[in-house]
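Welcome! Please take a moment to look over the protein shown here, and then read on for a short tour.

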Amino acid sequence: MIRDLLAQFFDAYLVKRDLEKALSFLSDGVVSLGTGAQELALDKKELRELMIREFESLPGGFHYEISDYHEHQYKEDLYTVYCSVTTFMTDSNGVKLLFQTRLTATAAYINARWQFINMHMSAPADQQEEEEFFPIKYSRQAVGKLDVAASRKLVELMLSMLPGGIMGGYLEKGFPLYIINDTMLDYLGYTYDELVEETGEYMQNIIAPEDWDRVERVIYESIQKTGEYDVQYRIIRKDGTKLWVDDRGHEIITEDGRKAMISVMLNINEDVKLQEQLKKEVMEDSLTGILNRKGAICCIEEILKQRQPGTMLLLDIDNFKQLNDTYGHQNGDEVLVLLADIMKHHSREEDIVARIGGDEFILFFSGCTSEHVIKDRAEHICCEFRDQGKKYDKADLSVSIGIAVYQGSGSFDSLFKKADETLYHVKRSGKNSFGLGDALT
């Protein structure tokens with residue numbers, strides 16, 4: 001199925017040079033296909049412009065052959081494929097040229113049809129001869145080899161099929177730089193001389209410090225197992241901004257016998273931003289900006305899996321219905337935001353603040369089970385909310401809090417149930433207060 005899709009794409013793109021037909025097999029967010037050596041297309045609109053220029057400069061078609069085809073289904077609507085692609089062309093002197101490349105591509109089921117969302121072509125390093133960047137075989141009728149100008153044009157043509165920046169480093173401490181192309185320099189925002197001066201030619205110095213240990217571990221472990229690796233991380237650009245890349249590389253041996261890696265890096269910054277936005281929409285309460293119920297459960301359960309102690313505060317606004325009936329729902333929303341802000345003010349960055357529905361909130365203090373500290377925080381929240389809610393005097397606003405302590409065993413549901421039981425007793429006893437239940441052991 002995916003092989004047929006790939007063949008249809010190459011028929012349109014290489015043989016017929018049919019722009020619209022070729023683009024129809026690609027998603028709107030396809031990452032870089034048919035770009036120049038110093039260019040990158042981040043969506044179909046950018047790719048269209050690049051392909052138009054390519055077709056104008058090289059209107060003639062190519063012949064191709066797909067071999068060594070493999071595909072892997074990651075899930076029902078996502079496939080990745082690997083194959084060899086041999087492309088045939090004849091230059092202006094009648095010399096027949098053959099290009100051997102490898103292709104990896106990802107296809108997804110989008111809008112009721114299969115489309116490619118990513119493509120990457122490269123030449124096998126072990127097939128390169130002397131200084132030839134791409135492996136070429138001359139026909140028996142050929143007389144002589146390509147001159148420098150023709151070779152350069154050929155390299156430019158094949159680079160137009162590569163989707164990202166090329167970079168490589170020696171497999172030594174800090175990954176000393178081995179190779180880099182202009183596209184990668186454009187990603188980073190440096191000239192080559194600036195990169196040398198700023199980084200000392202060590203790849204480690206362009207990788208975000210918070211990602212370095214993971215990247216180093218993945219590369220070494222993957223190369224040891226398969227000779228290849230695929231890892232996503234952030235690189236630091238000249239202006240200090242960070243860019244997410246997908247780094248796919250392969251181990252090689254350089255002419256001086258040193259082990260090195262060479263890879264193609266794709267700019268996936270927009271994809272990561274989209275994933276983060278989608279996650280935010282799923283996990284975050286749109287009104288208050290704090291976590292929603294799903295987000296709270298996910299984060300708290302992750303802490304509980306690690307058997308880390310903590311304390312849950314379950315908060316409920318007293319007389320909230322009366323507030324809405326008297327002052328209207330817009331003021332009700334303002335009060336919900338008010339309580340969320342107070343909770344954030346009395347929590348740490350590692351704590352979990354969430355609105356789990358209606359006027360109910362959760363505050364989870366990660367790693368803190370001190371009765372003195374917890375009571376102090378709860379008292380400050382009650383007092384501050386009561387004081388700031390006085391302008392809604394006809395509603396007599398306050399907040400009640402049920403507290404449950406987690407000591408390393410039990411589940412989210414059992415912890416929540418304990419906090420809810422304590423909250424019930426607080427509400428029955430007059431509201432505007434807090435209660436501490438027995439610790440879960």
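The tour starts with the protein as a whole and then turns to one helix pair and one serine.

Keep in mind that this is a predicted model. The protein holds 13 helices and 16 strands. Of its 441 residues, 46% count as buried. Its accessible surface comes to about 23000 Å², and carbon and sulfur atoms account for 48% of that. Among contacts between residues at least 6 apart in sequence, 59% join residues at least 24 apart.

Now for the helix pair. Helix α10 spans residues 320–327 and helix α11 spans residues 329–345; their axes come within 7 Å and cross at roughly 140°. Because of that angle, α10 counts as oblique to α11. On the α10 side, the contact is made by Phe 320, Leu 323, Asn 324 and Tyr 327, while α11 brings His 329, Asn 331, Gly 332, Val 335 and Leu 336.

Next, find Ser 347, which sits in the loop between α11 and β13 (352–357). Is Ser 347 buried or exposed? With a relative accessible area of 18%, Ser 347 is buried, because buried means under 20%. A polar atom of the Ser 347 side chain lies at the following distances from two backbone oxygens.

| Backbone oxygen | Distance to a polar side-chain atom of Ser 347 |
|---|---|
| Met 343 | 3.0 Å |
| Lys 344 | 3.1 Å |

Leaving aside residues up to four places away in sequence, Ser 347 touches Val 353, Leu 363 and Phe 365.

Technical notes
Residues are numbered from 1 along each chain as its sequence is written. This is a predicted model: local features need pLDDT of at least 70, side-chain atom pairs count only at pLDDT 80 or more; totals for chains, interfaces and linings use all residues. Side-chain values use heavy atoms; hydrogens and water are left out. Axes are lines fitted to C-alpha atoms, for helices over the stretch in contact, and angles run from 0 to 180 degrees between N-to-C directions. Helices (H or I, at least four residues) and strands (E, at least two) are DSSP runs, numbered from the N terminus. Angles under 35 degrees count as roughly parallel, over 145 as roughly antiparallel, 65 to 115 as roughly perpendicular and the rest as oblique. Contact means heavy atoms within 4.5 Å. Buried means under 20% relative accessible area, exposed over 50%, partly exposed in between (1.4 Å probe, protein chains only). A polar contact is a pair of N or O atoms within 3.5 Å; within protein, one must be able to donate a hydrogen and the other to accept it, and residues adjacent in sequence count only if both atoms are side-chain atoms. Accessible areas come from the Shrake-Rupley method with a 1.4 Å probe; for residues, only the protein chains shown count as cover.
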